[in-house]
Amino acid sequence: MNIPSHPSGLDIHIKDDTWRAGQVEALEIITETFLHTHNVFIGEFPTGTGKSILGLATARLLDIPTVYLTGTKQLQEQIKQMSKENTWCQVLMGRNEYPCTRYRATRYEQRTAEDCDHSENNRCFNFRKCPYKIAKLKALDARVAVLNYSYFLFETTHVGDFSRSNQLIISDECDTLEKSLMSFIEVEVSAW
C-alpha cells in the first residue's frame, strides 16, 4: 500500500500535517490485513495514537464506500474539520440538528427536521430544500459517511439507506457502542 508522506496527501487536514509515531506502520498492517482477509480488523490503540486519523486514512487508502461511526457529536465535528468535509467525506448528524423548512420557528420554539411530518399523504412543498435531506443525500453519495451510532442503528434497521453490503464500517469510540446498542434495543414494561 502506498501511504503518502503526510496526511494531507490523503486530503486529511491536521494541524502539523505529520504522521504520529507508529501510524504509518499501523496503516500498513490495517490495510494489508483487510485486503487479505476481506473480513474484520479490530484494533485497540492507546489514547493519543490518533485513532480517528487512522480510521479516515484507512478509508481513503482502501477507497471503498465507508460508514465511519462515532459515539459523540464532538468526534463528528472533529472529523468534519480533518476532512474539511470535502466531497469524499460527509458528516450527517441526527434530524434534530437540522432546521425544518416546513414550519416556521417561533420566538420560543425552533422546529427541526425531526418535527417534520412529510409523507405521501402530507407533502411538504419545501422538501427539496430540506437541510436534513440535502445532508443525507450528500452523505449517501460520499465515499465516507460519518454517522453516530444511534442514527446508524435506526437507519439500518428501519430505513435501510446506509445498509450496503460492500462497505467498510469503521467503529470509533467502541467503548460507547454497547450503550448505544442497549438503548436501541431496550424494552420498557409499564404498569399498563
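A crossing of two helices is right-handed if the near helix is turned clockwise from the far one by less than a right angle. I wrote that down before looking at any helix pair.

**Entry 1: the model as a whole**

I noted that this is a predicted model. I looked up the confidence: the mean pLDDT of the protein is 84, and 94% of its residues reach 70 or more. I then checked where confidence is highest and found strand β2 (residues 89-91), at a mean of 93. Confidence is lowest in helix α6 (residues 177-185), at a mean of 75. I keep a caution here: where pLDDT is low, the predicted coordinates should not be read in detail.

I took down the elements next. The protein has 6 helices and 4 strands, and from the N terminus on they run α-α-β-α-β-α-β-α-β-α. Along the principal axes, the C-alpha atoms fill a box of roughly 55 × 40 × 30 Å.

**Entry 2: the sheet**

In what order do the 4 strands lie in the sheet? I read it as β2-β3-β1-β4, in an open sheet with parallel pairing. The edge strands are β2 and β4 (168-171), each of which pairs on one side only. On average, neighbouring strands of this sheet are turned by 20° against each other, direction ignored.

I followed one pair in more detail. β2 and strand β3 (residues 144-148) pair in the parallel sense over 3 bridges. Glutamine 90 stands opposite alanine 145 in β3. As a reminder to myself, strands of a sheet pair through backbone hydrogen bonds, either parallel or antiparallel.

**Entry 3: α1 and α2**

I moved to the helices. The axes of helix α1 (residues 23-37) and α2 come within 10 Å and cross at roughly 50°. An angle between 35 and 65 degrees is neither roughly parallel nor roughly perpendicular, so α1 and α2 are oblique to each other. α1 passes α2 in a right-handed crossing.

I listed the residues that meet. From α1 they are Gln23, Ala26, Leu27, Ile30, Thr31, Phe34 and Leu35, and from α2 they are Ile53, Leu54, Ala57, Thr58, Leu61 and Leu62. Sorted by class, the contact of α1 with α2 has 10 nonpolar, 3 polar and no charged residues.

**Entry 4: α2 and α3**

I went on along the chain. Helix α2 (residues 51-62) packs against helix α3 (residues 73-83) at an angle of about 55°, with the axes 11 Å apart. That angle makes α2 oblique to α3. The crossing of α2 and α3 is right-handed.

Which residues make the contact of α2 with α3? I found Ser52, Ile53 and Leu56 on α2, and Leu75, Gln78, Ile79 and Met82 on α3. They divide into 5 nonpolar, 2 polar and no charged. Ile53 of α2 is in this contact and also meets α1.

**Entry 5: α5 and α6**

My last pair includes the helix where confidence is lowest, α6. The axes of helix α5 (residues 149-159) and α6 come within 9 Å and cross at roughly 45°. That makes α5 oblique to α6. I noted the crossing of α5 and α6 as right-handed.

On the α5 side I listed Tyr149, Ser150, Leu153, Phe154, Thr157 and His158, which meet Leu177, Ser180, Leu181 and Phe184 in α6. By class, 6 are nonpolar, 4 are polar and none are charged.

Terms used. Residues numbered from 1 in each chain as written. Predicted model: local features only at pLDDT ≥ 70, side-chain atom pairs only at ≥ 80, totals over all residues. Heavy atoms only, no water. Axes fitted to C-alpha atoms, helices over the stretch in contact; angles between N-to-C directions. Helix = DSSP H or I, 4+ residues; strand = E, 2+ residues; numbered from the N terminus. Parallel < 35°, antiparallel > 145°, perpendicular 65-115°, else oblique. Contact = heavy atoms within 4.5 Å. Nonpolar A, V, L, I, M, F, W, Y, C, P; charged D, E, K, R; others polar. pLDDT = per-residue confidence, 0-100. Pairing = 2+ DSSP bridges.
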